[in-house]
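Please read it alongside the sequence and the coordinates.

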Amino acid sequence: MNQENNLPIGLFDSGVGGLTVLSAMMRRMPNEQYVFLGDTARLPYGSKSSKTIVRYAVQAADLLLSQQIKMLVIACNTATAAALPVLQKNCPHIPVIGVIRPGARAACSASQNGRIGVIATASTIASGAYREAILELRPEAEVIGIPCPLFVPLAEEGWLDGPIAEAVAARYLEPLKSLHPDTLLLGCTHYPLLIRAIRTAVAPEMHIVDSAATTAEAAYARLEASSLLRNTAGRGHVRYFTTDDPAQFIRTGNLFLGTSIRKEDVSHVDL
């Protein structure tokens with residue numbers, strides 16, 4: 001077996017939302033090693049300029065590259081929209097994937113009427129990245145983009161359902177009632193945690209697509225095609241880096257990951 005197979009997969013996000021992608025990847029590839037960076041000191045990326053997001057993404061990627069990773073996963077929609085081409089150019093020796101194309105592909109497959117709603121940060125919606133990816137796959141599709149900037153702080157605070165989350169979701173998603181999409185794509189890795197509040201605000205028959213699972217499948221396929229899958233028996237291990245308080249990262253991260261993060265696995269870093 002090539003020594004590269006044993007190297008970890010690196011993921012980064014502006015906060016802890018990318019842990020939903022990590023969770024999906026751990027289910028799909030349980031014996032892989034992982035390194036996750038949450039740039040919690042500088043979240044949210046969604047309100048920053050494209051130039052700033054690219055700079056942050058490059059710094060995050062550099063930290064992960066120093067850990068000798070075999071693949072880089074941009075587990076952040078905003079960073080994918082702004083920085084994917086730059087990171088692919090900067091890292092020609094390893095696969096670099098984002099969350100937008102896998103999510104767009106899943107939404108196109110799920111939609112029957114070709115009207116697809118996309119909710120994401122203001123920066124992701126403004127970039128047009130999801131619209132472009134969807135129309136490339138289904139040129140006849142109608143894409144309805146809605147920025148939902150308050151969803152990220154709600155998720156980070158753990159306010160996942162109840163009156164406040166439901167009221168915010170209802171206000172943001174009101175336009176969907178008259179536009180009648182049959183599929184809603186969650187274009188931010190934080191948003192799956194708000195699924196109950198989001199579900200109360202949309203039609204019960206609405207298909208809701210989370211890009212985490214499809215990103216995990218894309219990562220698996222890319223590693224398999226490159227003969228980089230780790231075939232050592234046993235469960236893998238995850239190391240975590242955060243740019244802010246490790247204790248807060250653990251508290252919030254446990255909600256997103258769905259399992260307990262050990263204190264000894266989390267390190268503070270400055271970027």
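Rings of Phe, Tyr and Trp (for Trp, its six-membered ring) are taken as a pair if their centres lie within 6.5 Å, and planes under 30 degrees apart count as stacked, over 60 as edge-to-face and the rest as tilted. By that criterion, a search of the whole structure finds five aromatic pairs. The model is predicted, and local features need pLDDT of at least 70, side-chain atom pairs count only at pLDDT 80 or more, and totals for chains, interfaces and linings use all residues. Residues are numbered from 1 along each chain as its sequence is written, and side-chain values use heavy atoms, with hydrogens and water left out.

**Aromatic pairs**

- The ring centres of F36 and F249 are 6.4 Å apart with the planes at 40°, so this pair is tilted.
- F36 belongs to strand β2 (residues 34–38) and F249 to helix α12 (residues 246–257), so the pair ties together parts that are 213 residues apart in sequence; helices (H or I, at least four residues) and strands (E, at least two) are DSSP runs, numbered from the N terminus.
- Both F36 and F249 are buried, where buried means under 20% relative accessible area, exposed over 50% and partly exposed in between (1.4 Å probe, protein chains only).
- For F151 and Y172, the ring centres lie 5.3 Å apart and the planes meet at 80°, so the pair is edge-to-face.
- Because F151 lies in helix α7 (residues 151–157) and Y172 in helix α8 (residues 163–173), this pair ties together parts that are 21 residues apart in sequence, and both F151 and Y172 are buried.
- Ring pairs also link F36, Y240 and F249 into a cluster.

**Charges over rings**

- The charged end of R28 sits over the ring of Y220, 3.7 Å from its centre, the criterion being that NZ of Lys or CZ of Arg is within 6 Å of the ring centre and within 35 degrees of the ring normal.
- R42 lies over the face of Y56, at 3.7 Å from the ring centre.

**Cavity**

- A search of the whole structure finds one cavity of 30 Å³ or more; on a 1 Å grid over the protein atoms alone, a cavity is a set of points where a 1.4 Å probe fits but cannot get out, and lining residues have an atom within 4 Å of a point.
- The largest cavity holds about 70 Å³ of space, with grid points joined across faces, edges and corners and the volume being the space filled by probe spheres set on the points.
- Residues lining the largest cavity include D13, P44, C76, C188 and H190.

**Cysteines**

- The structure holds zero disulfides, a disulfide being a pair of cysteine sulfur atoms within 2.5 Å.
- The sulfur of C91 is 16 Å from the closest cysteine sulfur, in C76, which is too far for a bond, and C91 is buried with a relative accessible area of 2%.
- C148 is likewise in no disulfide, the nearest cysteine sulfur, that of C188, being 9.4 Å away; C148 counts as buried at 0% relative accessibility.

**Backbone geometry**

- Most residues other than glycine have a negative phi, and most peptide bonds are trans.
- The peptide bond from L43 to P44 is cis, with omega near -5°, and P44 lies in the loop between β2 and α2 (50–65).
- Q68, in the loop between α2 and β3 (71–74), has a positive phi near 60° and is exposed, with a relative accessible area of 51%.
- H180 has a positive phi of about 55° and is found in the loop between α9 (176–179) and β7 (183–186).

How values were computed. 1 Å grid on protein atoms, 1.4 Å probe; cavity = no way out; pocket = protein on both sides within 12 Å on 5 of 7 lines; lining within 4 Å.
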